[in-house]
Amino acid sequence: MSLPVRMLVLWCPDWPAVAAGAAEGVPAHLPAAVFSANRVVACTAVARSAGVRRGMRRREAQAKCPELAVFGEDDGRDARLFEPVAAAVEELIVGVEVVRPGVVAVPVSGASGYFGGEHRLVELLVDHVSSAAGVECQVGVSDGLFAATLAARRSELVEKGEGAEFLAPLNIGELNQPGSERGELVDLLHRLGLRTIGAFAELTERDVASRFSQDGVLAHRLAKGHSERPPLRRKPPPELSITESFDPALDRVDAAAFMAKTLGVKFHAGLSGRGLACTRLGIYAVTENGDELRRVWRCAEPLTPQGIADRVRWQFEGWLKAAPGGRPTAGVSQLRLEPEETVEGRSLQLGLWQGGSGGMSEEHSLAAEQAGRALVRVQGLLGPESVFTALLDGGRGPGERVHLVPWGDRRALSAPPAAPWPGRVPAPSPSIVPERPMPARVVDADAREVGLTHRRELTGKPAWVSWDGGPGRRVVNWAGPWPADVQWWVKPGVNSRIRLQVLLEDNLAVLLLREGGINPLWTVEGIYD
């Protein structure tokens, strides 16, 4: 079997955490971590030195590193800030492909000959990216994208034909790269006693095919040092690409995001109609001034309509929000999506009643589809940010738990709602949550301000409550206080928070929050109507 294409991979370590810190202006010497579903998905080297690790719960991570800067996962932010890095690589080497934000790949054969060898090319590339984009990076070279990616994480140049030998001693967990979703496969292989990639590669293809899923067969190919898929036999026909013109030109990210949804569905439908799916997506744009922009995204798995839309949106964010020197001089007037590489498509199997789930009736499915079309129509009239759906998220207070997600965007949880949340407001939840907490005043029967003692107990019994400049309302009953401290160990007292439920004389109940600090303040966080 012929060797995979020799690839060069440039990897920016901890990119989600680096990008989040850069976007929020957090200095690089401070620890930072990115969380998804209340677990660490990326952290900086400074945070790791304090004991923070991927997969760690937020509370445990903050206990190990109290000064940890916490950020939420944001693929759009990561892609936008990575565009200058990809552009810097492209200044030296043509044919750059973005694997994911933080990783770019490029065939190395032509460039290495031009620059006088692979070692010289790697030195020039690291220096150029560092000076042009201002980020640290590591480069690896090997046969095939998978081996080159792992080589980049170790800053190694693997000799031609030695990819399998390089992979053999590595831990079997390396098969579970970001985006591959091979956690269950790796766990199974580990329980079977296969601790290294080489041990898995020694199995015969027949044994793997008979005992594992299609993903297991693909992982076995990678373990043996082969390419992800058999060699591509033909180039996708030109009619599979789609071109869209815009008048007026696109110069806003929100308009581009809305366009990407429609274009993603149309592009995917054209491929699936021929039984194909896209694994390398070319995004080509022309501005009103005639400037041409291009970027190729490589994906481990066939792209879905949402995956296509995400990459188009990320790329537009990178182009339109780039620094003045790298930003287009005019809006985008034409966009072309081209399938640079295709594989046999995988169709989505719907449920028996056409709804995608066993419990959804056909009538319910059709109604949901009609409602979805109506919401898209409203977005077309009023803009992408005009229609939202509510998402119940994890958190302690009502304002933290409900997020509004634009229609069509991915409904991703930042933290599991069912997880234990010490200090969470007990049921029932307030029916009205102000967009911003309203300043309130809580006094006792002698009109003295009710505060907190150093033991976090009330200084008096609440008798009257007023808020937002309104009249005072007599308190009939109250419950609490419940501590809801956040990082109290950093600045004891300053970060102290308590919540109080109060029933007023007109059968109106409110949820009050008091935050510590130099000027402690009561606010109305929710209303029980």
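Is Tyr 114 buried or exposed? In this predicted model, Tyr 114 has a relative accessibility of 68% and therefore counts as exposed, the threshold for that class being over 50%. The residue also takes part in an aromatic pair, one of five such pairs found by a search of the whole structure. Its partner is Phe 115: the ring centres of Tyr 114 and Phe 115 lie 5.0 Å apart and the planes meet at 85 degrees, so the arrangement is edge-to-face.

The protein chain comprises 529 residues, of which 45% are buried. Its secondary structure consists of 16 helices and 19 strands. Of the contacts between residues at least 6 apart in sequence, 57% join residues at least 24 apart.

A second aromatic pair is formed by Phe 316 and Trp 319, again edge-to-face, with 5.8 Å from centre to centre and 70 degrees between the planes. Both residues belong to helix H14, and because they are three residues apart there, about one helical turn separates them. Phe 316 has a relative accessibility of 1% and therefore counts as buried. Trp 319, at 5% relative accessibility, is likewise classed as buried. A ring is also involved in the placement of Arg 336, which lies over the face of Tyr 284 at 4.4 Å from the ring centre.

Phe 316 also contributes to the packing of H14 against helix H13. Two packed helices are described by the angle between their axes and the distance between the axes. For H13 (residues 253–272) and H14 (residues 305–320), the angle is about 145 degrees and the axes are 8 Å apart. The crossing of H13 and H14 is right-handed. On the H13 side, the contact is made by Val 253, Ala 256, Ala 257, Met 259, Ala 260, Lys 261, Gly 264, Val 265, Phe 267 and His 268. These residues meet Pro 305, Ile 308, Ala 309, Val 312, Arg 313, Phe 316, Glu 317 and Leu 320 of H14. Sorted by class, the contact between H13 and H14 contains 13 nonpolar, two polar and three charged residues.

Helix H7 (residues 145–152) is mostly covered, with eight of its eight residues buried. The buried residues of H7 are Leu 145, Phe 146, Ala 147, Ala 148, Thr 149, Leu 150, Ala 151 and Ala 152. The loop between H7 and helix H8 (163–167) contains Ser 155. The phi angle of Ser 155 is near 55 degrees, a positive value in a residue other than glycine. With a relative accessibility of 45%, Ser 155 counts as partly exposed.

A positive phi, near 55 degrees, is also found at Asp 468, again a residue other than glycine. Asp 468 is located in the loop between strand E15 (464–467) and strand E16 (473–483). Its relative accessible area is 56%, so Asp 468 is exposed. A further backbone feature is the cis peptide bond joining Asp 247 and Pro 248, for which omega is about 10 degrees. Pro 248 lies in strand E8 (residues 242–250).

Another proline, Pro 31, occupies the loop between helix H1 (15–24) and strand E2 (32–36). Pro 31 is buried, its relative accessible area being 6%. When neighbours within four places in sequence are left aside, the residues in contact with Pro 31 are Thr 44, Val 46, Ala 47, Cys 65, Glu 67, Leu 68 and Ala 69. Pro 31 and Ala 17 are 14 residues apart in sequence, and their C-alpha atoms are 9.3 Å apart in space.

Arg 280, in strand E9 (residues 276–287), is also buried, with a relative accessible area of 18%. The limit for this class is under 20% relative accessible area, so Arg 280 falls within it.

His 119, by contrast, is exposed, with a relative accessible area of 55%. This histidine lies in helix H6 (residues 118–133). His 119 and Val 141 are separated by 22 residues in sequence and by 9.5 Å in space, C-alpha to C-alpha.

Technical notes:
Residues numbered from 1 in each chain as written. Predicted model: local features only at pLDDT ≥ 70, side-chain atom pairs only at ≥ 80, totals over all residues. Heavy atoms only, no water. Axes fitted to C-alpha atoms, helices over the stretch in contact; angles between N-to-C directions. Helix = DSSP H or I, 4+ residues; strand = E, 2+ residues; numbered from the N terminus. Left-handed = near helix turned anticlockwise from the far one by under 90°. Contact = heavy atoms within 4.5 Å. Nonpolar A, V, L, I, M, F, W, Y, C, P; charged D, E, K, R; others polar. Phe/Tyr/Trp six-rings, centres within 6.5 Å; stacked < 30°, edge-to-face > 60°. Buried < 20%, exposed > 50% of the residue type's maximum accessible area, 1.4 Å probe, protein only. Lys NZ or Arg CZ within 6 Å of the ring centre and 35° of its normal.
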